[in-house]
Amino acid sequence: MSSSNAVDVEKVTMLLDALAMATRTDSAASRARQIDTSDLVPLVPLKKQPVVATGGIKLLVKPKLGANFNASAPTFKPLDSTPPTPTPVPTPSPSEEPASDVRFPSRREASESIGNLIRDHGVIVLKSLPILERLAAMADDSGNADAREGALMTYAALCHQGGAAIEPFMVPQMPLFLERLSDKTPNVRTAAESAAMALARLLSDPSVSRIMPCLLSAAIPSRRWQTKEGAYKILTLLTETCPDAIRDLLPEIVPMVSDGIVDAREEVKKVAWEAAENSFSLAGNRDIAACTSSFLTCIQKPKEVPDSIIKLSATTFVQSVEAPALAVMVPLLIKGLREETVIKRKTAVIIANMSKLVTNPADACLFLPKLLPRLEQAAKETPDPECRGVCAMAMATVKRVADEGATLAEEGGVERGGGGGGGGRKVLSESEVIGLLSRAVTPALEVPVLDEAEGGEGGGEEKQEVESNLPIPTPTPTP
C-alpha cells in the first residue's frame, strides 16, 4: 500500500472515530442539560402546625417563633430562608470528553468530511475500510438517537459527494431510510428524509426498478404515516428525474397511489395525489391525456365514474395502447362495468376499441385477468339484450388478444412495451444475465495471437515491424 493510501485510511479512521465521539459527547451534554438544577428555586418544607383541643372543636394555633408555646409544647425555631446549596452536576472526565472542538468535530462536520474524502479518493475507500458496516451499526442503535442521526447524516453526505459511483452502495440502504422516517426522534426523521431524497436524486433508471418494491412496501396501509408520506415524496421526485423508468412501472404504481389517495391522514393524501398526478401524466398516450385528471378524481370520488366514462367514450383512439396507458385506464373501466346499463354499455365499447389498438399483446396480459371476469358477468347478467351483445363482443376481442399474448409467452418472446418509442423490453432471468456478462468479459481476458495466414497482406510486415522494435540481445562470451 502506498503512502498516500495509508494517509487516506488513517484519515477515514479518524473521521469515523470523531463521528462516534461527537455522538457520545453530544449525548452526555444533552443528559447534563436535562438534569441541570442551577435555575431551580429550592422549596422550603412546611412544618406541621400543632393542634389544640378545645372541647369538641379543634383549633389550629399559630405559634410564636422563638418562644415556648407552653410547658409541654415543643420549641419552634425560625425557618431558615437561606436556600440549600445545589448538588453539583457531574461533568464528564477528560477521557470521555474531547479537549477541543477542532480535534473532534461535530456530527455534521464529521459526516461532511467523510463525504468529501470519498469524493476526492473514490469509492475504493468503502471497500478497504468498514465504513458502511459502522454506519449500519450506528443507524440500527435503538438506544442512541444521536448515533442514528449521525449515521443518516453521513449517508446523505455520501450521496451528495459520491456521485454515480456511490449509487450501488447506497441503493440497499433505501429500506433503512424509509423505516427511520417514522423514528420517534424528530432530528432522526429529518436526517432520514435528507438521506432518502439525496439517494432518490442519485438514482438511475435501472436502480428505480430495484427500489420500487421497497417503495410499494412502504406505502401499504398498515405502515406508519410518516413512512408512507416519504415513499410518495420519493415517487414524486422520481417522476422528474427518471420519467421513463416510472412510465414503465406504472402497472405497479397505480395501485400504490390509489391506496394513498384515500388514506386516513391528510398529509398522506396530499403527497399521494401529487405523486399520482405526476405519474399519470407519463402514460404517453395523447388520446387519454385530457382524461387523466378525471381518472384520479374517480379514485377519490366514485360517484363521478359515470361522468368520466362518458367523457372517455367521446375519445377517438388513434395511438397504439401500451401497458402504461392500460394501467391508468383499467381501474376506471372496472368501475364502469359495475354501473347502470347505459354506462356499462359505453364501457364495453371503450374496452373493445382499446383492445384493437394494443400492438403488443403482452401488455394486455397484465390486465386481462381483471377485465375478462367483469365483461363475462356483464354479458350474462345485464337485463338489456343490446348491452349484453356489446359486452359479449368486447369479451371476444379481449380473449383474442389474450390468446395471442399466451402464444407469445409460450414461445418465450413476451416483452413489456415501454421506453416511449413503442419498443419492447425483455426481462432477462438471472442465468441469462450471467451468460451475457460472461460472453462480454471473456474476449477482454483472452490475448489474441496473430497468425501470418490470418494477418492478410500486411500481417507479416506488422509482425516484422514489431519485432524490429525489440532490443537485440547481446551474446554472452563463452569462457
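Is C291 buried or exposed? C291 is buried, at 3% relative accessibility. Buried here means under 20% relative accessible area, exposed over 50%, and partly exposed in between, with a 1.4 Å probe and protein chains only. C242 is buried too, with a relative accessible area of 2%. As for disulfides, meaning cysteine sulfur pairs within 2.5 Å, the structure has zero.

Some ground rules. This is a predicted model, where local features need pLDDT of at least 70, side-chain atom pairs count only at pLDDT 80 or more, and totals for chains, interfaces and linings use all residues. Residues are numbered from 1 along each chain as its sequence is written, and side-chain values use heavy atoms, with hydrogens and water left out.

Now the overview. The protein has 22 helices and four strands. These are DSSP runs numbered from the N terminus: H or I of at least four residues for helices, E of at least two for strands. Of the 479 residues, 39% are buried. Take contacts, heavy atoms within 4.5 Å, between residues at least 6 apart in sequence: 69% of them join residues at least 24 apart.

On to helix packing. Two packed helices are described by the angle between their axes and the distance between the axes. Axes are lines fitted to C-alpha atoms, for helices over the stretch in contact, and angles run from 0 to 180 degrees between N-to-C directions.

First pair: α9, residues 205-218, and α10, residues 225-241. Their angle is about 150 degrees, and the axes are 9 Å apart. So α9 is roughly antiparallel to α10. The classes: under 35 degrees is roughly parallel, over 145 roughly antiparallel, 65 to 115 roughly perpendicular, the rest oblique. From α9, the contact uses V208, I211, M212, L215 and A218. From α10, it uses T227, K228, A231, I234, L235 and L238. That splits into nine nonpolar, one polar and one charged. Nonpolar covers Ala, Val, Leu, Ile, Met, Phe, Trp, Tyr, Cys and Pro; charged covers Asp, Glu, Lys and Arg; the others, Gly among them, are polar.

A231, Y232 and L235 of α10 meet I253, M256, V257, D259 and G260 of α12.

Last stop, L176. It lies in α7, residues 174-180. Leaving out residues up to four places away in sequence, L176 touches A139 and Y155. Its C-alpha is 8.5 Å from that of A192, 16 residues apart along the chain.
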